[in-house]
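Let's take a walk through this protein chain, one piece at a time. Keep the picture open while you read.

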Amino acid sequence: MESSVTQRLETPTHCIADFSLVPIGTQNTSFAQEIADIQRLLQRCDLKHQMTCTGTTVEGPWDQVLQVIGHAHLLVHKRGVARIQTDLRVTTRTDKDQPMENEILSVERILTA
């Protein structure tokens with residue numbers, strides 16, 4: 001049975017998350033194959049995503065975004081990495097819809113002004 005606190009809480013419906021999986025205790029300094037596996041995973045789901053040089057940004061429903069990050073962990077664990085630490089930043093908005101591309105466009109407009 002859920003407590004009264006959890007019954008009152010709602011999960012945000014939409015988010016943008018930037019995440020970076022960090023393998024711990026591996027002998028190989030390259031993580032490119034694992035990143036490619038994660039990108040293939042993201043290509044199979046219906047979430048908007050963008051790889052960056054230090055992580056991945058993914059946008060969509062809160063539950064689906066966090067679930068795909070969990071699946072990314074499982075993929076890397078299955079490749080033999082025993083421990084993973086993830087850096088995660090999540091943004092939500094209630095005042096307006098602002099896709100990840102618009103976040104970048106806002107700054108680019110200022111730079112070109």
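## Strands side by side

In this predicted model, strands S1 and S3 run antiparallel and are joined by 6 bridges. If you want a spot to look at, find Cys-15, which sits opposite Gly-60 in S3. S3 also pairs with strand S2 (residues 48-51), again in the antiparallel sense, this time over 4 bridges. Here Met-51 stands opposite Thr-56 of S3. S2 and S3 make a hairpin, with 4 residues between them.

S1 has another partner too: 9 bridges join S1 to S4, and these two run antiparallel. Along that pairing, Val-22 faces Gln-85 in S4. As a reminder, strands of a sheet pair through backbone hydrogen bonds, and they can do so in parallel or antiparallel fashion.

## The whole sheet

What is the order of the strands in the sheet? Reading across, you get S2-S3-S1-S4, an open sheet of 4 strands with antiparallel pairing. S2 and S4 (83-91) stand at the edges with a single partner strand each, so one side of each has no neighbour in the sheet. Ignoring direction, neighbouring strands of this sheet are turned by 20° against each other on average.

Two helices pack on this sheet. H2 touches S1, S2 and S3, and its direction makes about 160° with that of S2. H3 touches S1, S3 and S4, and its direction makes about 15° with that of S1.

## A closer look at S3

Is S3 enclosed or open to the outside? Of its 6 residues, 5 are buried, so S3 is largely enclosed by the rest of the structure.

Take Thr-56, which has its place in S3. Thr-56 has a relative accessible area of 6%, and because buried means under 20%, Thr-56 counts as buried. Its side chain joins that of Gln-39 in a polar contact of 3.0 Å. Skipping residues up to four places away in sequence, Thr-56 touches Ala-17, Asp-18, Phe-19, Gln-39, Leu-42, Gln-50 and Met-51.

The side chain of Thr-57 makes a polar contact with the side chain of Asp-18, at 3.0 Å. Again leaving out residues up to four places away, the residues that Thr-57 touches include Ile-16, Lys-48, His-49 and Met-100. Here's a pair to trace yourself: Thr-57 and Arg-89 are 32 residues apart in sequence, but 9.3 Å apart in space from C-alpha to C-alpha.

## The nonpolar core

The largest nonpolar core holds 17 residues. Phe-19, Leu-21, Ile-38, Val-58, Val-65, Val-68 and Val-76 are the ones with the most contacts inside this core. Strand S1 (14-24), helix H2 (32-44) and helix H3 (62-78) each supply at least two of its residues. Which element gives the most to this core? That's H3, with 5 residues.

Setting aside its neighbours within four places in sequence, Val-65 is in contact with Cys-15, Ala-17, Leu-47, Val-58, Glu-59 and Gly-60.

Now for a residue in helix H2: Glu-34. Is Glu-34 buried or exposed? Glu-34 has a relative accessible area of 12%, which makes it buried. Not counting residues up to four places away in sequence, Glu-34 touches Val-76 and Arg-79.

## Zooming out

Step back, and the protein chain has 4 helices and 4 strands. Starting at the N terminus, its elements go α-β-α-β-β-α-β-α. The radius of gyration is 17 Å, well over the 13 Å that the globule rule gives for 113 residues, so the chain is more spread out than a compact globule. The C-alpha trace spans about 55 × 45 × 25 Å along its principal axes.

How much of the protein chain is buried? Buried residues come to 27% of the 113. As for contacts with a separation of 6 or more, 71% of them are between residues 24 or more positions apart.

Methods:
Residues are numbered from 1 along each chain as its sequence is written. This is a predicted model: local features need pLDDT of at least 70, side-chain atom pairs count only at pLDDT 80 or more; totals for chains, interfaces and linings use all residues. Side-chain values use heavy atoms; hydrogens and water are left out. Contact means heavy atoms within 4.5 Å. A polar contact is a pair of N or O atoms within 3.5 Å; within protein, one must be able to donate a hydrogen and the other to accept it, and residues adjacent in sequence count only if both atoms are side-chain atoms. A nonpolar core is a set of buried Ala, Val, Leu, Ile, Met, Phe, Trp, Tyr and Cys residues joined through side-chain atoms within 4.5 Å. Buried means under 20% relative accessible area, exposed over 50%, partly exposed in between (1.4 Å probe, protein chains only). Two strands pair if DSSP finds at least two bridges between them. Axes are lines fitted to C-alpha atoms, for helices over the stretch in contact, and angles run from 0 to 180 degrees between N-to-C directions. The radius of gyration is taken over C-alpha atoms; the globule rule is 2.2 Å times the number of residues to the power 0.38.
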